[in-house]
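The sequence and structure come first.

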Amino acid sequence: MATIELTTERLELPLVHEFTIARGSENVARTVAVRLRWNGRAGLGESAPIERYAESIDSVMAALAAHRLHDAPYALDAQLAGLPPAARC
C-alpha cells in the first residue's frame, strides 16, 4: 500500500488591496500551503492561521510535521483527529 506524503510551505501573498477590519490592516496574506501525495495523486490545501486564536504559521507547520498520517487517505475523520483547528484546514 502506498504511503501518504505531506509537505508544507510558507506563503506570503501580497494583496492587491489592503485588507482592513476593526483590529487592523494587512497588505500580505500569510498562509501555509499543504500538499498531500498518495498513489500517484496529489491534493493541495491551505491554512490561514489567526493569531487571535493562538495560531501561527509555525504552529500549523509543527502540528502537521508531528502528526502521524494513516494509510487510509479517504478516512478524513481519522486523518484529522487530534490536529488543532488551523492545521485541520
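The sections below go through the strands, then the helix, then the charged residue.

## Basis

The structure is a predicted model, and the values given here are computed from it.

Three strands make up an open sheet in the order 1-2-3, with antiparallel pairing. Strand 1 and strand 3 are the edge strands, each pairing on one side only. Ignoring direction, neighbouring strands of this sheet are turned by 25° against each other on average. In general, strands of a sheet pair through backbone hydrogen bonds, in either a parallel or an antiparallel arrangement.

## Strand 1 and strand 2

Strand 1 covers residues 5-21 and strand 2 covers residues 24-38. The two pair in the antiparallel sense over 13 bridges. Two residues separate them, and together the strands form a hairpin.

Two of the bridge partners can be located by residue. R10 has V32 of strand 2 as its bridge partner, and L11 has T31 of strand 2. As a general point, side chains in a regular strand alternate between the two faces of the sheet.

## Strand 2 and strand 3

Strand 3 spans 41-47. Strand 2 and strand 3 run antiparallel and are joined by seven bridges. The bridge partner of A33 in strand 3 is E46.

Helix 1 comprises residues 57-66. Helix 1 lies across strand 1, strand 2 and strand 3. Relative to strand 1, helix 1 runs at about 160°.

## E55

E55 is found in the loop that links strand 3 to helix 1. Is E55 buried or exposed? E55 is buried, and E55 has no salt bridge. The nearest side chain of opposite charge belongs to R88, 7.8 Å away. A salt bridge requires the charged atoms to be within 4 Å.

What does the side chain of E55 reach instead? One backbone nitrogen is that of I50, reached at 2.9 Å. Another is the backbone nitrogen of A86, reached by the E55 side chain at 3.4 Å. Apart from neighbours within four places in sequence, E55 is in contact with P49, I50, P85 and A86.

Conventions:
Residues are numbered from 1 along each chain as its sequence is written. This is a predicted model: local features need pLDDT of at least 70, side-chain atom pairs count only at pLDDT 80 or more; totals for chains, interfaces and linings use all residues. Side-chain values use heavy atoms; hydrogens and water are left out. Helices (H or I, at least four residues) and strands (E, at least two) are DSSP runs, numbered from the N terminus. Buried means under 20% relative accessible area, exposed over 50%, partly exposed in between (1.4 Å probe, protein chains only). Lys and Arg count as positive and Asp and Glu as negative; His and the chain ends are not counted. A polar contact is a pair of N or O atoms within 3.5 Å; within protein, one must be able to donate a hydrogen and the other to accept it, and residues adjacent in sequence count only if both atoms are side-chain atoms. Contact means heavy atoms within 4.5 Å. Two strands pair if DSSP finds at least two bridges between them. Axes are lines fitted to C-alpha atoms, for helices over the stretch in contact, and angles run from 0 to 180 degrees between N-to-C directions.
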